[in-house]
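Thanks, everyone. I will go through one model today, starting with the ligand site and then turning to the core.

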Amino acid sequence: MRSFLLTAGCFAGVLLAASCRHAVVDPAPQPPPATPTPDPLVARGQSRFIAYKCHECHGPHGEGTDDAPDLTGTHLDAVEIAQFLEKPSAHARSVGMPSIPADSPDIQLLVAFVLSLKRGRPAP
Ligand code: HEC
């Protein structure tokens, strides 16, 4: 209750544009840093990533290799990634990147996985 009152006072202080940092004597423990919720699509996408040997060119974490670019930094969005997987660029095909049929359920899984790599990219 005491800390609730302090917190309420703190909000009032914020409204008055005063710093409330000193008012909080007993701050509630901070929640642990957000850990990404395991997403079943992403997990299945990861196993597809390995099954299609994407990791052999793009690296196990999509970090890129001499053969293929870093996927964690891709500027492509979900739709563009799906299109790329259905029809890789001439360069990608020339090195052996597989194309995935548009009606394959793997597209959605791989897109989820690639997007998760992008989100999980550590800040520079
Ligand atoms: C034989 C090597 C190879 C394999 C295997 C491979 N790729 Fe690629 N991939 C490439 C190369 C090379 C490029 C770059 C093509 C370009 O720049 O035109 C590329 C580009 C991409 C891009 C576009 C990245 C961007 O930002 O433009 C995505 C997405 C991608 N690959 C996903 C995958 C996925 C998913 C798999 C597995 C299904 C896969 N790749 C398998 C070689 C490979």
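Around the ligand there are 26 residues, counting a residue when its C-beta atom, placed from the backbone, lies within 6 Å of the molecule. The closest are C54, C57, T74, S89 and M97. Two or more shell residues come from each of helix 3 (54-58), helix 4 (78-86), helix 5 (90-95) and helix 6 (106-119); helices are DSSP runs of H or I, at least four residues, numbered from the N terminus. Helix 3 gives the most, four residues.

A word on provenance. This is a predicted model, where local features need pLDDT of at least 70 and side-chain atom pairs count only at pLDDT 80 or more, while totals for chains, interfaces and linings use all residues. Residues are numbered from 1 along each chain as its sequence is written.

Now the core. Which residues of the largest nonpolar core touch the most other members? Of its 16 residues, they are L85, I107, L110, V111, A112, F113 and V114. Such a core is a set of buried Ala, Val, Leu, Ile, Met, Phe, Trp, Tyr and Cys residues joined through C-beta atoms within 7 Å, and buried means 20 or more other C-beta atoms within 10 Å of the residue's own, with C-beta atoms placed from the backbone. Helix 2, helix 4 and helix 6 each give two or more residues to this core, and helix 6 gives the most, with nine.

What covers the buried residues of helix 6 includes helix 2 (40-51) and helix 4. Leaving aside neighbours within four places in sequence, F113 is in contact with V42, G45, Q46 and F49, contact being C-beta atoms, placed from the backbone, within 7 Å.

Technical notes:
Two residues are in contact if their C-beta atoms, placed from the backbone, lie within 7 Å. A residue is buried if 20 or more other C-beta atoms lie within 10 Å of its own, exposed if 12 or fewer, and partly exposed in between; C-beta atoms are placed from the backbone.
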